[in-house]
Structures are given as structure tokens and as C-alpha cells.
Amino acid sequence: MPKAEKTSDVIEARAEFGLEWLIGGLIALAIGVVLWIYRGEGTLIGLSLLLLIGGGGATAYGTYILVKAKNVPSVDVVCSYCQKVNKLTATPEEGFLCSFCHRRVPVRDGRPLPVFQVRCGYCNELNYYNETTEILICESCDHEIPIAQEEGRPKKHLPRGFVAQEDPNLYDLVLVEANPKHEGQIGALQHMLALNRNQVKEIMASTPAVLLTGITRKKAEMLQAQLAVHDARAEIRPTQG
Ligand SMILES: [Zn+2]
Ligand SMILES: [Zn+2]
């Protein structure tokens, strides 16, 4: 079975090939005609005829290739990521690059495998995996994202050391500077703490106030940055005992 290629690529390559023959043939024909006109005493007749016959043949061959160029087998394969239809010359036997989203589409038994979405727990980036994925590394922050595969498959993990080491200590996020009249701050805190407006305003009025306790350094830094966007200041302190 031939390797699956993009149908448009194959058509393009064939058309280019046909065009070269066509142009070469036309040039030979033109020179042949000129030589025929200036054949004089007949010394150039042989060469002229040769060019006319050869040029005619090449022109016909190039035209034939061009006409046939579009007759390339085409199989519609839907990309698992963007759902767009890729036209390939054959059923793919292995993964292929989608022409639209440029992701490698996983293939098994000639069919694209469905892909699943998962958000990275560290940076919230959307990542994709399929049933053949054993280890998923976040495209954006290189952390390993745990994925739940079907039952019975041994769960593989990266060797220690490849995964960026986490700070194992726990931290508190303490609000030290806030403006209870600032809508952006209120909204951010409501979202972060899942509290209502009044509860949030109460906390904002009584700084320094512990917002969260026993969270990882990474999470604390992320939330601190979210608050900083709205000009609220929070400190990260080690969780006591
Ligand atoms: Zn795609
Ligand atoms: Zn990430």
C-alpha cells in the first residue's frame, strides 16, 4: 500500500512535471520552425525535422500529464483536533500532519483516533491526548499531566528527575492590601474563594487576612499574580505547623 500523501501535493508535483515537458516541447517546436524557415539550401532540414518531431512529442506528453494530473485518488480523513477534512491519496496507516491545524493526527487501523482534552493543572493550558498516549507532558509548561486511561493498562510515569521538582512545603496566601470598593478585586476574590460579595468585602476590610491555607507555592504564586492584576497585594507565607 502506498504511503498516504496529501492529494493536493501530488497533483501539484504532477502538474509541475507536465508543465516542464510542455514548455520544453514548445521551445523545441519554435526553434524547429525558425530553422525550417531559414533552411536555405537544405543543410538545416535534418535538424529542423528532428526538433519539430521531438518538440511535438514532448508537447503532447506534457499536455497528457497535465490533463491526467487531477486524477489522483483521494480519501477524506477528518482531523481529530480541528474536524477539518484532509484529502489524502490513500487511507493513512500511521499518524499524519493535519494541513489545517498542523497537529499530528493519531491513526490506528486506518482510522484517526479520537483525542481528548485535558487542562494542565499547573498552567491551565489545554492539552490533547489519545488512547495510545502513555505520558502526557504539558505543551506549555513541561509538567506531566496525569491522565486516566482505560482500566487494566499499567500506568506509566516519567522517571523522577524529568519532572520539574515541586516545592513540597505548603503556603498561605495572605491578603495585605485591598480596596473594598474596587470591583475588579471583588470579582477576582469572589471567583478565587467562591464567596459572595459581602463576605469578600468583609475580608477585604480586615487585612491582613488569610485567604487560603495549605496550598502549593505554585498555586499561591498564580493567585497572587491574579490579584496583582487588580492592584491588590497578597503575600505568600509558609503554613504554620
Ligand atoms: Zn486539524
Ligand atoms: Zn502546563
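Reply: Happy to! The protein chain exposes about 15500 Å², with carbon and sulfur atoms supplying 56% of that area (Shrake-Rupley method, 1.4 Å probe; for residues, only the protein chains shown count as cover). Do keep in mind that this is a predicted model, where local features need pLDDT of at least 70, side-chain atom pairs count only at pLDDT 80 or more, and totals for chains, interfaces and linings use all residues. Residues are numbered from 1 along each chain as written, chains are lettered from A and ligands numbered from 1 in written order, and side-chain values use heavy atoms, without hydrogens or water.

Of the 241 residues, 29% count as buried, meaning under 20% relative accessible area, while exposed means over 50% and partly exposed lies in between (1.4 Å probe, protein chains only).

Now let's zoom in on the zinc ion (ligand 1). Its protein donors are the SG atoms of Cys-79, Cys-82, Cys-98 and Cys-101, at 2.2 to 2.3 Å. Donors here are N, O and S atoms within 2.8 Å of the metal (3.2 Å for Na, K and Ca), and sites may look incomplete because water is not among the atoms. Along the chain, the donors of the zinc ion follow the spacing C-x2-C-x15-C-x2-C. The 4 donor atoms subtend angles of 105 to 117°, so the arrangement is tetrahedral (four donors, all angles between 85 and 135 degrees).

How covered are two of these cysteines? Cys-98 is buried, at 1% relative accessible area, whereas Cys-101 is partly exposed, at 25%.

Technical notes: Four donors count as tetrahedral if all angles lie between 85 and 135 degrees; four count as square planar and six as octahedral if opposite donors are over 155 degrees apart and all others between 65 and 115; anything else is irregular.
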